[in-house]
Amino acid sequence: PSVVEVEELTITMHWMVVANYYHFLVEVFPYILDEIRSRQEKNLPVPGITPGHYIGLPMARRRAFVDKMLSALGINPELVILLHSSEPRIIKIKKSATILAGIASQTRRAVCATPSVLRGAKVWLRQQVLSSRQSLSTNTNKSVIWIGRDGASVRRIEGGGARGELATRIQQALPHNVTFEWVTPGRGRFKSTKELLRRIGSASVIAGVHGAGLSNIIFAAPNATIIEIMPVLPQMFNYHYWTLAAALDLKYRVMPVVVDPEQMSFIDGFGKLIPTVKSFEVDHIEISSMIRRSLGLSEISTTSLIGGEKP
């Protein structure tokens with residue numbers, strides 16, 4: 001086996017091997033950021049930033065989304081060790097190992113880090129991607145960000161509410177002084193992680209279908225509103241982002257969508273089959289109305305929304 005020599009290794013305990021963006025950004029990463037923030041305040045060597053001081057992640061293989069996120073935040077991906085890698089290795093620690101509590105027990109299936117750790121992580125994250133003035137401000141641009149799932153294998157918007165029509169209808173329902181952008185992390189002009197996070201961090205409303213992309217609400221401004229489009233499945237209603245929004249003191253709205261049982265499928269999740277949905281249709285009028293209410297705008301007639309008239 002190869003030998004990796006490090007000055008120090010900082011590890012976050014976690015009850016599973018992480019492969020999903022949500023579990024990394026919302027469950028594991030906040031504890032590491034809490035340690036980074038504390039070290040920086042005390043002028044101590046910082047894991048992931050100071051040469052020789054490594055971060056140990058509960059992951060089996062490198063994920064592009066992790067490396068992009070780390071790089072965007074000034075953390076060196078080369079100072080990260082994957083603790084569950086299939087490659088045999090020996091880690092020689094010259095000075096010390098720091099073990100962070102994290103979410104260590106499988107019996108505690110928390111859907112996010114503790115509220116205090118999340119809030120601290122949010123402050124630090126906003127300071128990295130926004131200017132000092134923007135990161136502390138509660139003001140937001142009059143803008144709506146839709147976090148898309150383009151290319152996803154499940155929970156795709158189809159039919160009359162597919163991306164093109166839905167985006168057009170939402171834009172038509174908003175006044176001229178409110179901007180609307182449909183962004184898909186890692187695609188198009190939002191391949192730049194930092195630029196994507198800046199847009200999310202200054203938006204008034206952040207909306208999207210339930211999925212890992214909504215984890216980025218950890219960058220949201222303090223007075224932003226989160227709108228989650230939630231496909232409703234028998235015996236399952238996911239509450240990840242409701243819990244996360246509450247922990248971050250964000251306003252939260254949900255729009256449940258009853259799913260055609262024929263669109264149901266199953267995916268493997270932590271050793272058991274979890275019900276999901278391949279695709280579903282949404283009501284663009286209901287979504288547009290919810291976005292307008294979240295912006296403090298008056299209701300507009302269904303006729304205007306259907307006809308595409310600009311308010």
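Rings of Phe, Tyr and Trp (its six-membered ring) are taken as a pair if their centres lie within 6.5 Å; planes under 30 degrees apart count as stacked, over 60 as edge-to-face and the rest as tilted. The model is predicted, with local features requiring pLDDT of at least 70 and side-chain atom pairs pLDDT 80 or more, while totals for chains, interfaces and linings use all residues. Residues are numbered from 1 along each chain as its sequence is written, and side-chain values use heavy atoms, without hydrogens and water.

The structure contains 5 aromatic pairs. One joins tyrosine 21 and phenylalanine 65: the ring centres are 5.4 Å apart and the planes stand at 90°, so the pair is edge-to-face. Tyrosine 21 belongs to helix 1 (residues 21-41) and phenylalanine 65 to helix 2 (residues 64-72), so the contact ties together parts 44 residues apart in sequence. Helices are DSSP runs (H or I, at least four residues), numbered from the N terminus. Tyrosine 21 counts as buried at 16% relative accessibility. Phenylalanine 65, at 22%, counts as partly exposed. Buried means under 20% relative accessible area, exposed over 50%, and partly exposed in between (1.4 Å probe, protein chains only). The rings of phenylalanine 24 and phenylalanine 29 are stacked, with centres 4.9 Å apart and planes at 20°. Both of these phenylalanines are buried. Tyr21, Phe24, Phe29 and Phe65 form one aromatic cluster.

Helix 8 (residues 284-294) is largely enclosed by the rest of the structure, because 9 of its 11 residues are buried. Among them are His284, Met290 and Arg292. At its start, a side-chain oxygen of aspartate 283 comes within 2.9 Å of the backbone nitrogen of isoleucine 285. Just after helix 8, glycine 296 adopts a positive phi of about 80°.

Notes: Helices (H or I, at least four residues) and strands (E, at least two) are DSSP runs, numbered from the N terminus. A polar contact is a pair of N or O atoms within 3.5 Å; within protein, one must be able to donate a hydrogen and the other to accept it, and residues adjacent in sequence count only if both atoms are side-chain atoms.
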